[in-house]
Amino acid sequence: MIYKDSVKQERYDRTYLKMASEWASLSHCSRKQVGALLVKNGMIISDGYNGTPSGFPNECEDENGDTQWYVLHAEANAITKIARSNNSAEGSTLYITLSPCKDCAKMILQAGIKRVVFQTGYKDKSGIDFLTSAGIEIVQIQEP
């Protein structure tokens with residue numbers, strides 16, 4: 001739900017980002033903890049945080065501190081979770097604590113997400129650039 005009143009919209013955006021930050025704290029990753037929420041029509045329809053797939057040990061990094069190749073990003077977890085439900089991400093807003101990488105940006109577009117609100121920018125801006133070129137609304141709020 002996008003509110004016509006920009007003050008009200010920003011209030012909701014900040015609140016959902018705070019909730020995504022709390023969700024990030026569930027991650028077992030040492031280097032970075034990222035949380036995501038999908039919101040549609042004023043309801044949270046999915047959530048996710050970065051981590052290993054179900055059934056794998058909760059160790060995101062190898063002995064050298066590098067992220068395991070199979071670790072899922074927070075937005076990927078939220079999108080795949082909704083894919084297993086009877087709901088749809090079409091027209092939803094993704095709230096995420098770290099802007100999406102280019103691979104997750106492709107999933108965001110394909111899932112029908114229309115708006116992305118993030119807190120911190122990822123080192124590679126190509127995901128955000130891709131989403132912007134696809135007409136997806138991008139909002140950064142650095143302090144929820």
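1. Is Gln9 buried or exposed? Gln9 counts as buried, because its relative accessibility is 7% (buried: under 20% relative accessible area; exposed: over 50%; partly exposed: in between; 1.4 Å probe, protein chains only). Gln9 lies in helix H1, residues 6-24 (helices, H or I of at least four residues, and strands, E of at least two, are DSSP runs numbered from the N terminus).

2. On the basis: this is a predicted model, where local features need pLDDT of at least 70 and side-chain atom pairs count only at pLDDT 80 or more, while totals for chains, interfaces and linings use all residues. Residues are numbered from 1 along each chain as its sequence is written, and side-chain values use heavy atoms, without hydrogens and water.

3. The sheet is open. Its five strands run in the order S2-S1-S3-S4-S5, with mixed pairing (two strands pair if DSSP finds at least two bridges between them). Strands S2 (43-49) and S5 (137-140) are the edges, each pairing on one side only. S4 and S5 pair in the parallel sense over four bridges. Phe118 stands opposite Gln140 in S5.

4. The largest nonpolar core has 20 residues (buried Ala, Val, Leu, Ile, Met, Phe, Trp, Tyr and Cys joined through side-chain atoms within 4.5 Å). Among those with the most contacts inside this core are Leu38, Leu94 and Ile96. Helix H2 supplies the largest share, four residues. A second, separate core of nine residues includes Tyr16, Leu37, Val117 and Val139.

5. Leaving aside neighbours within four places in sequence, Ile96 is in contact (heavy atoms within 4.5 Å) with residues including Leu17, Val34, Val116 and Phe118.
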